[in-house]
Amino acid sequence: MADQAGSSSSHLETHLEEDDYDLIYGAESGWVEAKTHCDHLASLSSDLAHIPIPDTPCNRCQHPSENWVCLCCKVVLCSRFVNKHMLEHYKQTTHSVALSYSDLSVWCFACDSYLDAQLIQQLRPVHETAYILKFGEAPPFRSVESSRTEDKPSMDKPSSS
């Protein structure tokens with residue numbers, strides 16, 4: 001029975017058209033495209049090389065995880081999945097850009113979007129600092145060209161051998 005499954009699957013070929021690719025890997029499947037530009041970066045702290053360590057608890061409720069650092073004033077607050085203190089901070093102060101200590105993503109509340117911290121020059125230093133604090137080594141940065149080719153799997157037809 002295992003031989004039959006192996007032989008029948010070897011005859012299947014997958015060909016993706018551009019529209020199919022977008023459906024499978026694009027926004028319809030939950031893919032999130034981080035923005036490479038944001039108009040709200042002027043309010044960033046001038047000293048993002050010195051940020052609290054990633055295991056800093058929420059400043060308001062002391063929750064130990066799912067915390068974000070505000071990139072405007074550097075306060076650490078919990079996510080919308082805990083007690084929503086970072087979201088409340090944004091609403092009270094309009095400090096719109098924050099970095100997640102969980103996955104080091106950067107979110108702009110005003111844009112309602114993730115920001116690509118490796119491609120936006122103003123965010124690279126804080127992303128690198130947070131990465132070093134969390135993992136003890138520098139992050140593997142990518143270039144604009146490599147990010148465009150690495151994000152999509154090859155759509156070449158398999159060679160017939």
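**Salt bridges and a buried asparagine in a predicted model**

Lys-74 is partly exposed, having a relative accessible area of 21% (buried means under 20%, exposed over 50%, and partly exposed in between, with a 1.4 Å probe and protein chains only). The model is predicted, so local features need pLDDT of at least 70 and side-chain atom pairs count only at pLDDT 80 or more, while totals for chains, interfaces and linings use all residues. Residues are numbered from 1 along each chain as its sequence is written, and side-chain values use heavy atoms, with hydrogens and water left out.

The whole structure contains 2 salt bridges (a side-chain nitrogen of Lys or Arg within 4 Å of a carboxyl oxygen of Asp or Glu). In one, the closest N and O atoms of Lys-74 and Asp-47 are 3.8 Å apart. Lys-74 lies in the loop between β1 and β2 (76-78) and Asp-47 in the loop between α2 (18-25) and β1, so this pair ties together parts 27 residues apart in sequence. Asp-47 is partly exposed, at 31%.

Arg-60 forms a salt bridge with Glu-88, with 3.4 Å between the closest N and O atoms. Arg-60 is in the loop between α2 and β1, and Glu-88 is in helix α3 (residues 85-93), so parts 28 residues apart in sequence are tied together. Arg-60 has a relative accessibility of 39% and Glu-88 has a relative accessible area of 33%; Arg-60 is partly exposed, and so is Glu-88.

Asn-67 lies in strand β1 (residues 67-70) (helices, H or I of at least four residues, and strands, E of at least two, are DSSP runs numbered from the N terminus). Asn-67 is buried, at 2% relative accessibility.
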